[in-house]
Amino acid sequence: MNIVTTIVLTVTTLLGVTCARANIQDMERAPDSICLKEAFEDKFFIGTALNLDQIWEQNTKAVAVVKKQFNSIVAENCMKSMFLQPKEGEFYFKDADRFVEFGEKNKMQIIGHTLIWHSQTPAWFFIDKDGKDVSRDELIARMRNHIKTVVSRYRGKVFGWDVVNEAILDNGEWRKSKFYQIIGPEFIELAFKFAHEADPDAELYYNDYSTSIPAKRKGVIAMVERVKAAGAFVHGIGMQEHNALDNPSLEEVEKTILGFASLGVQVMVTEMDISVLPHGRPNMGAEISERLNYSKKMNPYEKYLPAQKMSELGKRYTDFFRLYIKHKDKISRVTLWGVGDGDSWKNDWPILGRTDYPLLFDRLYQPKPFVKDIIALTQKKEVKMNKSRYLYPNDYMADPSAHVFENKIYIYPSHDRESGIKANDNGDHFDMQDYHVFSMDDVDAEIKNHGKVLDIKDIPWAGRQFWDSDVTEKDGKYYMYFSLKDKNDIFRIGVAIADQPYGPFIPRANPIKGSYSIDPCAFKDDDGSYYLYFGGILGGQLQFYRNNKIVSPTTLPHVDETALSPKVVKISEDMLEFSEQPKDLVILDKNGQSLKHGDNGKRFFEASWMHKYEGKYYFSYSTGDSHLICYAIGDNPYGPFTYQGVILSPVVGWTTHHSILQFKGKWYLFYHDSAPSGGKTWLRSMKVTELEYDENGKIKQINGLSS
């Protein structure tokens with residue numbers, strides 16, 4: 001049925017037990033003494049759907065469970081269009097405001113559900129004053145107004161939106177909803193575009209039920225590919241997972257996880273419940289319009305659930321969670337559709353008046369016996385070396401460029417701050433004013449803050465906004481290359497010099513001649529040559545240039561045109577200028593074709609980084625609006641490079657920057673996320689985790705939410 005895209009997993013501790021912080025490697029703790037949100041904290045978010053009694057904190061037992069056990073919430077009904085805009089132009093935000101307030105107060109990930117859905121849309125949406133279908137243009141205008149009004153109201157507060165719900169039928173064909181009949185299939189891409197315009201930092205999802213049916217899975221994949229090819233942003237696909245004891249098969253669910261992940265998007269379990277009651281037909285998913293007549297036979301457990309059925313339910317839940325844990329690198333959230341059994345919509349669908357037991361908590365909000373078995377799955381010791389570490393919790397630092405100098409790790413981050421500037425597509429709210437330097441003797445050692453080493457006030461040509469920087473060493477001198485807007489509000493790349501890796505850095509009076517855009521990466525090759533890689537689209541202004549000259553109009557390519565390339569240039573002998581004109585760094589697909597601008601799960605956006613592994617050049621970068629760190633491999637520093645895959649799946653927060661280094665025989669990925677700031681994408685915290693290669697030199701993908 002209709003429901004959200006968050007990550008919900010359920011609860012395990014008795015309500016009277018204090019929820020102490022779980023240490024997954026502490027095998028002495030019993031599974032029934034660990035909260036679900038803590039048990040799964042290194043895997044995916046755990047969430048639940050809230051009804052109005054819970055949103056307004058009138059059901060105190062349910063609220064206690066939500067606060068202790070979940071870190072992600074979605075509104076069951078109050079953010080649907082029939083409740084938010086029951087009459088054209090008359091918005092009712094009281095309940096939705098309270099829902100968002102509840103999430104903010106309890107530091108939870110907030111998911112909006114749902115913007116466009118064929119059901120629970122008010123009738124006025126589709127008819128004119130004469131009761132006839134509105135025109136295509138009028139329905140598009142109504143969609144735009146509704147989406148922009150709602151999404152912009154909660155901009156910066158709601159982490160992600162179910163933009164479109166249930167547009168594909170079980171047979172894989174388009175649902176002939178009023179949106180489809182009047183607008184055509186373009187209504188989906190329009191909805192995603194309107195939502196992105198209203199909040200460029202919010203994640204955007206497609207959500208549907210019965211996605212394990214092969215024909216439907218194929219239809220959803222084709223639809224999402226179409227929407228992405230049209231230039232719209234789809235960050236995730238929600239599998240609702242309204243399941244039964246005997247269907248769907250785990251094998252088909254796994255195929256769906258793999259199929260959706262292959263699109264370069266996050267996969268989410270968004271509305272999970274498991275019914276123990278008879279279904280009216282095989283593979284009955286969540287078609288809200290289906291209704292059946294009541295009979296005693298269809299309501300066999302009116303008083304209580306027999307022990308045998310409870311055991312079957314427990315095994316079924318445990319099997320599903322085992323599968324989700326297996327694919328934790330692809331799954332970002334698991335959300336249960338309701339807190340306790342009494343809250344579940346399954347009690348009245350598809351037959352009114354039945355008693356179902358589909359959730360992890362019973363009607364008294366006590367955990368069911370098998371919850372401890374689900375928790376126990378998380379306590380199996382894993383042999384892995386990529387558990388991340390937040391490096392500096394005392395302040396917000398982002399874009400960590402890490403290098404080994406003097407047998408230590410030195411990190412050069414951007415220094416985030418709360419600027420008060422309103423967020424926009426140009427990134428004006430990322431208004432950094434200074435750089436700090438950090439060092440560590442090892443990745444698990446104490447980190448030292450060497451303090452401010454360069455301030456924007458010290459740079460003669462400065463306009464505003466420090467962005468990403470990088471540092472390299474030559475002949476005992478350290479050269480910092482940094483992004484900064486000049487007095488004409490154009491990004492340039494500057495140079496500052498220090499005698500020690502920890503600064504202070506003294507800036508040059510002018511930027512590098514012929515420099516532009518952002519995110520410089522300084523790379524020293526084995527032959528002693530130095531190269532600078534740079535570029536970033538949208539706020540990074542790369543679209544302003546063609547052949548190293550500003551062009552007009554400054555527009556992005558069409559989705560079917562070749563993607564804009566990052567730039568590579570050899571640095572002069574004195575390390576202060578370019579020794580040549582910057583060149584395009586071309587990224588090819590496996591067929592040798594240049595990536596297209598519409599390939600936003602693969603094409604370059606920003607955050608260049610270069611390293612070498614076993615003689616090959618690895619160029620890694622951020623895809624920006626699809627929130628991935630990807631990589632491509634080439635045979636020389638200029639390329640061309642062939643796309644290989646994803647290094648890091650999306651993290652909490654919009655932007656994704658990184659660096660890669662080898663230290664004491666191991667490889668590490670330095671990156672950032674916005675989890676400590678509660679998802680404020682402009683307040684980021686730097687992290688480190690181990691990076692691994694397989695026997696073929698492929699980088700093993702890291703889950704940005706659980707690494």
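This is a walk through one predicted model, from the whole chain down to single residues.

Start with the overall build. The chain has 12 helices and 32 strands. Its C-alpha atoms fill a box of roughly 85 × 70 × 45 Å along the principal axes. A compact globule of 707 residues would have a radius of gyration near 27 Å, and the chain has 26 Å, so the two agree. Buried residues make up 62% of the 707. Among contacts with a separation of 6 or more, 67% join residues 24 or more positions apart. The chain exposes about 26,600 Å². Carbon and sulfur atoms supply 49% of that area.

Next, the spaces inside. The structure holds four cavities of 30 Å³ or more.

The lining of the second largest cavity divides into six nonpolar, three polar and two charged residues.

Now the open spaces. The second largest pocket holds about 780 Å³. Of the 36 residues that line this pocket, Ala261, Ser262, Leu263, Gly264 and Tyr643 are the closest to its centre. Four elements each supply at least two lining residues: α9 (214–229), α10 (250–261), β9 (331–336) and β29 (641–648). Strand β29 gives the most, with four residues. The pocket lining has 14 nonpolar, 12 polar and 10 charged residues.

Some single residues show the packing. Leu454 lies in strand β14, which spans residues 448–455. Is Leu454 buried or exposed? Its relative accessible area is 1%, under the 20% cut-off, so Leu454 is buried. Leaving out residues up to four places away in sequence, Leu454 touches Asp434, Tyr435, Ile459, Phe466, Met480, Phe482, Ala496, Phe505 and Pro507. Lys485 is 31 residues from Leu454 along the chain, and their C-alpha atoms are separated by 15 Å.

Thr472 sits in strand β15 (residues 462–474). Its relative accessibility is 6%, so Thr472 also counts as buried. Beyond its neighbours within four places in sequence, Thr472 is in contact with Phe405, Lys477, Tyr478, Tyr479, Tyr481, Ala522, Lys524, Tyr530 and Met575.

Glu101 belongs to helix α5 (residues 94–105).

Last, the backbone. Most residues other than glycine have a negative phi, and most peptide bonds are trans.

Which peptide bond ending at Thr114 is cis? The bond from His113 to Thr114 is cis, with omega near -10°.

Pro640 lies in the loop between β28 (629–634) and β29. Strand β29 is the element that gives the most to the lining of the second largest pocket.

Two residues other than glycine have a positive phi. Glu241 has phi near 60°. This residue is found in the loop between β6 (236–239) and β7 (242–244). With a relative accessible area of 4%, Glu241 is buried. Asp519 has phi near 60° too. Its loop runs between β18 (506–507) and β19 (521–524). Asp519 has 1% relative accessibility, so it counts as buried.

Notes
Residues numbered from 1 in each chain as written. Predicted model: local features only at pLDDT ≥ 70, side-chain atom pairs only at ≥ 80, totals over all residues. Heavy atoms only, no water. Buried < 20%, exposed > 50% of the residue type's maximum accessible area, 1.4 Å probe, protein only. Contact = heavy atoms within 4.5 Å. 1 Å grid on protein atoms, 1.4 Å probe; cavity = no way out; pocket = protein on both sides within 12 Å on 5 of 7 lines; lining within 4 Å. Points joined across faces, edges and corners; volume = space filled by probe spheres on them. Nonpolar A, V, L, I, M, F, W, Y, C, P; charged D, E, K, R; others polar. Rg over C-alpha atoms; globule rule 2.2 N^0.38 Å. Areas by Shrake-Rupley, 256 points an atom, 1.4 Å probe, with all protein chains shown as cover.
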